[in-house]
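Hi everyone, thanks for coming. Let me put the structure up, and then we can walk through it together.

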2 protein chains.
Amino acid sequence: MHDVMPSMSREVNHLKRSVLRDLLALAVDPTIISLAGGLPASEFLPLDEFRSCLETVLKRDGAEALQYSTQHAPLQEWIAGYMGRRGVRVGPEQVFITNGAQQGLAILSRLLLDPGEPAVIEQVTFPGIQQVTAGRGAQMRPIPTDLESGADLEALEAAFRQETRPRLAILVPDFHNPLGVSLSAEKRALAAGLAARYGVPLIEDDPYSELAFSGQPLPPIKAYDEAEMVFYVGSFSKILAPAVRLGWIIGPASMTPQITVIRESLDLESSTLLQRAVAEFYARDAFGRHLQPLRAANQERCETLLAALEEHFGGLARWSRPSGGLFVWARFPQEWDTFALFPRAVEHRVAYIPGAAFTLDGSQRNAMRLNFSNLRPQAIREGIQRLSEVIGEHALSGA
Amino acid sequence: MHDVMPSMSREVNHLKRSVLRDLLALAVDPTIISLAGGLPASEFLPLDEFRSCLETVLKRDGAEALQYSTQHAPLQEWIAGYMGRRGVRVGPEQVFITNGAQQGLAILSRLLLDPGEPAVIEQVTFPGIQQVTAGRGAQMRPIPTDLESGADLEALEAAFRQETRPRLAILVPDFHNPLGVSLSAEKRALAAGLAARYGVPLIEDDPYSELAFSGQPLPPIKAYDEAEMVFYVGSFSKILAPAVRLGWIIGPASMTPQITVIRESLDLESSTLLQRAVAEFYARDAFGRHLQPLRAANQERCETLLAALEEHFGGLARWSRPSGGLFVWARFPQEWDTFALFPRAVEHRVAYIPGAAFTLDGSQRNAMRLNFSNLRPQAIREGIQRLSEVIGEHALSGA
């Protein structure tokens, strides 16, 4: 009797065991310089202000702030106003608050996609996007993404045009994870038009757009969506703090009942305490005030990373040159294997994410994702120096 | 182009649009006495203490408390110690922290069950349990539950014994929602034995056991689980506060990687801020100290409800007599329809949950769930008085 094990669902076998979490755990070792993370800079998290917001909410709202609750209307209103400033006209009732962008993706996947049906994602993309499509057993139609101009919309149209229409497509419009590239306004309008023309729901995963180093972000794809075929997914993790675990979906108002029932089946609701504290934060803080020093630091760190790459890998590798976000993507000569090199990198006390973590087929083995947002410039320089030693050894042993 | 709508998944059609949320919304109207809720008593939520815990954590842990993080080890340790005191020996690494019990159920459903496969639940049960089984398209094998002795384990064995084994079964051991009944120690041991004998994973949903009016709760079914076939699901919503949105799963250690990857695909992780604050709360509070006045108030309210039922419906209806939890289940004569009566009840400024909300087939139309935990005794008496007027009118018009 004791050697019987519960047998697992077929569905769970589609999920890829993420290496990201294991790699992230390395960042805890203070002797390792981790370029593997995806964390916003800790020094710029609004610690005192958020503590004060929690205190205000608990004193003002009392037990209501610790009870079960519905979606917090003042937060829905703030989000609707924010989206309006970005060119997306929505009422507060069309804002569905989630536990971060990943839950938005998970809910929309369940709303729109059944296992075995076709879905379009980028060939190189965030593993969380793979998990809500391939991880649910979808028939995958990956499209290429150019390091300069972003997702290939001709390939998107070709994937839409097939006899069996995809049930959904997912794009990252700004500061793509892991590629760092953004879509032009023209491509955003075109993507919305393709979704409308072929009747394919397009999910826009947008956690990074407010992390432009300077200037205003472009309007999201949703701003060009006249046919209500675009679902926008936002997040407070990178613009306020990951631990608020809050984000939002903007979809067609007619689908709110189904979105609500899916969400309730998953985990009922988001913490009303955190929803209230975030609403209080934005009632106090002109949006972006606390982001300004973060953006400036990100820019300095990104420039430091790019300069260090040029110093150590100029002529050997190619990399993206983002104007915001958290990540640079570097491609090394075809025969270099960043996955195989990883243990040696850890011996040299430096970590990155191997490119293959971002593909379904394990390709991109000569690439890596490098994070610049949560390291001081000196650590970035030292990290790339260590990386050049790892790779120098490798080139030597391979010669 | 504009009249095309995104088409929804087949899967979402299995989900039942919950009436609970709509009914809960009624409780906001202060002129309605809502016996429909499932909220812990607001007056006993540890408002000042929890505010102080949040402050301590943010001052002590700084930016770490607002960042991405893994499962918070001190909270896992506290939960492992708590489970040990209840007779379940587990290491902290076997505790998987979730966003409340509903997320525990959703994760385990995805771990163990594919659409179309058999699942066992009680005929009358919490809609959240229906949503993770029938709501995922399972082939349902419901078993009856007795108002005095709980789930019918002969029926459970019969459901297990069929040629195609169920992929999972879900039971509520203590203060059943909505029936209010608990399983005896003998039945708990028997249920664990059946799971082992037939190799069927048994999920034990246990949010209420610490709400016994007096005395210690019985050991959970998991305490009798020698074969690692029982998955325990716990929650802080009723014993600390709903807005912490935290709960936990105790399953076989070998399944933690799969549980982790499912959870990451759904919403990455639980707020480290809330995890830390709950750990701080239990580092300060001898477990149960803050629960004592809550339990006493619950008992008084339950006794008030039972006395009012006796006064107005004695001889006409039958009801459960719980020794803890939040709910009483009342059954009226067969020809009374609590669903049809509901609009009239609202006209009389009283609300309850119609029994049919707790069944897959819409039966139990002559029953209702009554909550006593979040109303003062005077309001409970007045609510049952109003209910008797509604039903008096109904009896009159039906005569």
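What share of the 399 residues in chain A is buried? Buried residues come to 65% of them, where buried means under 20% relative accessible area with a 1.4 Å probe and protein chains only. A word on the ground rules: this is a predicted model, so local features need pLDDT of at least 70 and side-chain atom pairs count only at pLDDT 80 or more, while totals for chains, interfaces and linings use all residues. Residues are numbered from 1 along each chain as its sequence is written, chains are lettered from A and ligands numbered from 1 in the order in which they are written, and side-chain values use heavy atoms, with hydrogens and water left out.

Chain A holds 12 helices and 15 strands; helices are DSSP runs of H or I with at least four residues, strands are E runs of at least two, and both are numbered from the N terminus. The radius of gyration of chain A is 21 Å, close to the 21 Å from the globule rule for 399 residues, so chain A is as compact as a globular protein of that length. That radius is taken over C-alpha atoms, and the rule is 2.2 Å times the number of residues to the power 0.38.

Now to a spot where two chains meet. A:Q102, A:Q103 and A:A106 in helix 4 of chain A touch B:E264, B:S265, B:L266 and B:D267 in helix 8 of chain B, with contact meaning heavy atoms within 4.5 Å. In chain A itself, 75% of the contacts with a separation of 6 or more are between residues 24 or more positions apart. Along the principal axes, the C-alpha atoms of chain A fill a box of roughly 65 × 65 × 55 Å.

How values were computed
Buried means under 20% relative accessible area, exposed over 50%, partly exposed in between (1.4 Å probe, protein chains only).
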